[in-house]
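Good morning, colleagues. Please take a moment to look at the sequence and the fold before I comment on them.

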Amino acid sequence: MARPFILPLSQCSDVDLTGGKAVGLAQLIATGFSVPQGFCITTEAYKQCLHASGFIEDEEWHKACALSGSERASALADCRNRIRQVETSRLAVQWRSALETLSRLPDERWAVRSSATNEDTAQTSFAGLYCTHLGVAPSEIVTALKDLWASLWEERVVSYTTHQRHQTAPKMAVVIQSMVDAQSSGVAYSIHPVTGRSNQVTINAVPGLAAPLVDGTVKPDQYVVEVTHEGQPIRVRKRILAHHSQRLLVSKEGLHIERFDDATPIQSSLTDAQLFSLAQTAKHIEQAFGHPIDLEWAFDAGQLWVVQARLITTIRPSSILTNDDCEWSRTNFKETLPEVPSLLSLSFLERFMDSHILSHYRRLGCHIPDGLTSVRILRGRPYLNVTLFHILVAQLGGDASLNTEQMGGEPLQTIPKIQPLNGMAFARAGWMMWAEMRRVERSGPRVFQEMKNLSITYRRERILHLSVEELVQELDKLDLWLEGRDVTFGIAGGVGQCLQIFSQFLPRWLGSDWRGLLNAALQGQGTVISAQQILRLAELTDIARNEPAASTFFTSKPWEPSLFREALADTRFLRAFDKYLEDYGHRAIGESDVMSPRLADNPESILAIVRIHLLSASPSQMNILLRQDNARTAALARIKRRIGWRYHRWIIFMWCYRRLCRFFSLREANRHHLMYYSTAIRTLLMRLGELLVERGLLHQVDDIFFLTINDHADLLAGSTRDWKAVIKARRTERERNSAVEVPDTICDWETASEQTVISDKSEGNGILSGTPISVGIVAGPVRLIRSVADWGKVVPGEILVVPVIDPGLAPLFSLAGGLIAEMGGTLSHGAIIAREYGLPTIANVEAATARLADGQRITIDAGSGTICIEPSLQP
């Protein structure tokens, strides 16, 4: 049976007859993708036309391959000339008939593409080696056809073919298709062409036809679309737009260039909807072909067209998770560290996370993918690997979606594949976790007392006699001191366990407002040591109100807080205040950084708060306790009524409730006493800095905080490095970093510096939203708190707006009417304090410090997590 010269694209199933491109198009048509209509002039037509002119392609091919240099170039040029002279009149009758079947419009324009037998195969692609003709009129098809046949005999094709060790001569089929009136077009890869990431579709696009892009004469818009394991688009991970001065279009007259006005702003060639459609199509084609692919595509005014798809032959797909694939958040870190922490604290943080957090997960049997870290630094700010902790919680059978609610930040946009621990491993991990929680409950109070004792042992007056070498020895001892004593992981496990149980049962038992009821029930326990600090301030205010000398000092004008010791000598207030500083003076704003000054370093800030309380007739300590007790009792009564007659549910609730209260108390006690440990280290470091300044190794005492842990070892070991110059450069870099805004959440580390930090998520009617932390409805003016310098500006009843709920802000809570934070979760330390005190609080209100202004009146509903801005004052 004679082999055909012409075949419809849908019937092109034989590579030897129709070439790789036509077979690919046929497969696309068969699986339902939109392909421009067309047909194929087969390799049989190519062969017979050449043979009729006396050109035997196999003989000529082997002759050319045996030559080299100028001889091969001359032979191939002769072959191309002979091919362009072949007679094709009999063939023309058939392809003209095929054109008429597709379109009777005489001015229809066509695309004429190569489809060689060695093109677009699983082994080789030959991408870009053959010619393509666009906007071809019917009268020009003969020339285009012969040009494509001749392109098989180019030097670059022969060299590539022999390099691939192909022995037989390839043959050329030609695809003729209707032109797409492309508004935009380009190429797409179903996997990342560099990393091989199978969950990233990479797209290059230009306005108009893609010929300039394929030729490499224009710079395209570049996109990376992240997709799920099922191929569903999640988000545009990267978007790099180019400036386009023109576009190539097709009309009845053929191809023409349309130039853009120089003033035309940079615009994306594709909408997000088009990007998602294209990414989804790429993954569907990959699934149909059973292999990663790249495709050429075009959008006309109505739809997406696939004009070519070929297998990717040079990149291995990869599903190995890397740090660059993970999502990162400043949550937790931003709450307890300064905006730009010291280099010393950053180096300690990275080691602490590995030694005291990840090590526990490894011990439980969790798998941590190679190369993943828990901490990463951008512009001097630490970020937590939220993807990693999602994986770890899910491996242990927990609901990892609760991580965002408990820690703060944004929900994961990409959920990684997770293999939970199997039966025996899961049971072992559960038993070990339970044992760890029991250990911290029993040993926590003892460890806390030991931490407090450290601050006494290392008081400044007790270490002044120590030499540099002796100070280093003491620091080394403290470095090892936490081993076996740290209780952070077990406490976090206890809190997480209770909240996991509550999240399973309380929505069904109590209804959709279960979180608000639970938050109200957690008020006024009296066991959260950080919240007791607020009550102690109320107690100080009561003393000052009733003691004439103290009352006179605080109400005098002008007020001179720096003279408080002289003015309050031998008073009950001063004795109580010194006791307060003994118990809470080691706390601070950004207190997890040893560089941060402690409250005891600036007692005037606390005295200013007491003065505001005194002048505003704030409630007494007794009234505060009564309010908290009433709120807690009422919430528990409502919970009991909703649970109803099912007594076993009440027993389960109260067991978890009491356990949660204990672990909340332990969590804050742990932070409170860790700050004693931190203060001991700070005292030793400050003294070490003084001695190194005396030796001429440092310029000033706090230079010590600009050296990493390893730097300290090198400096004291006698390194000849110019440490003064190093520290000067690091100070300059810290200043630069402080002037740069960074995003709180990073989904694509590579382009993090290009992300927009502030985006408006308001509802457009003066309503902002966030995560409810502590219930209550309150209205009042805004007071922005960015530093300790703003503390003295606070007026009772104002709604404080802060970047994070830093535990060091606790002294202000007794003045505030409400609290709004840009970042934070239900389990953050500051959230626990606000909840215990009963302060209406909402966290995760994006860019709140930029979108709200001092004095602006707002109403917050901390039960629903909404903030209403009064219209008349809305900026």
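I begin with strand β6, residues 184–189, which is mostly covered, as five of its six residues are buried. Please keep in mind that this is a predicted model.

What does β6 pair with? One partner is strand β7, residues 200–207, which is joined to β6 in the antiparallel sense by six bridges. Strand β12, residues 293–299, also runs antiparallel to β6, and again six bridges link the two. A188 illustrates both pairings: its bridge partner in β7 is I203, and its bridge partner in β12 is L295. In general, the strands of a sheet pair through backbone hydrogen bonds, in either a parallel or an antiparallel manner.

I turn now to another part of the chain. Here four strands form an open sheet in the order β15-β16-β14-β17, with antiparallel pairing. Which strands lie at its edges? They are β15, residues 375–378, and β17, residues 745–746, each of which pairs on one side only. Four bridges connect β15 to β16, residues 381–385, in the antiparallel sense; within this pairing, R376 has Y383 of β16 as its bridge partner. Helix α11, residues 343–363, packs on this sheet and touches β15 and β16. The direction of α11 makes about 160° with that of β15.

Finally, I come to helix α2, residues 43–52. Its buried residues include T43, E44, A45 and Y46, together with C49 and L50. Just after α2, G54 adopts a positive phi of about 90°.

Thank you for your attention.

Methods:
Residues are numbered from 1 along each chain as its sequence is written. This is a predicted model: local features need pLDDT of at least 70, side-chain atom pairs count only at pLDDT 80 or more; totals for chains, interfaces and linings use all residues. Side-chain values use heavy atoms; hydrogens and water are left out. Two strands pair if DSSP finds at least two bridges between them. Contact means heavy atoms within 4.5 Å. Axes are lines fitted to C-alpha atoms, for helices over the stretch in contact, and angles run from 0 to 180 degrees between N-to-C directions. Buried means under 20% relative accessible area, exposed over 50%, partly exposed in between (1.4 Å probe, protein chains only).
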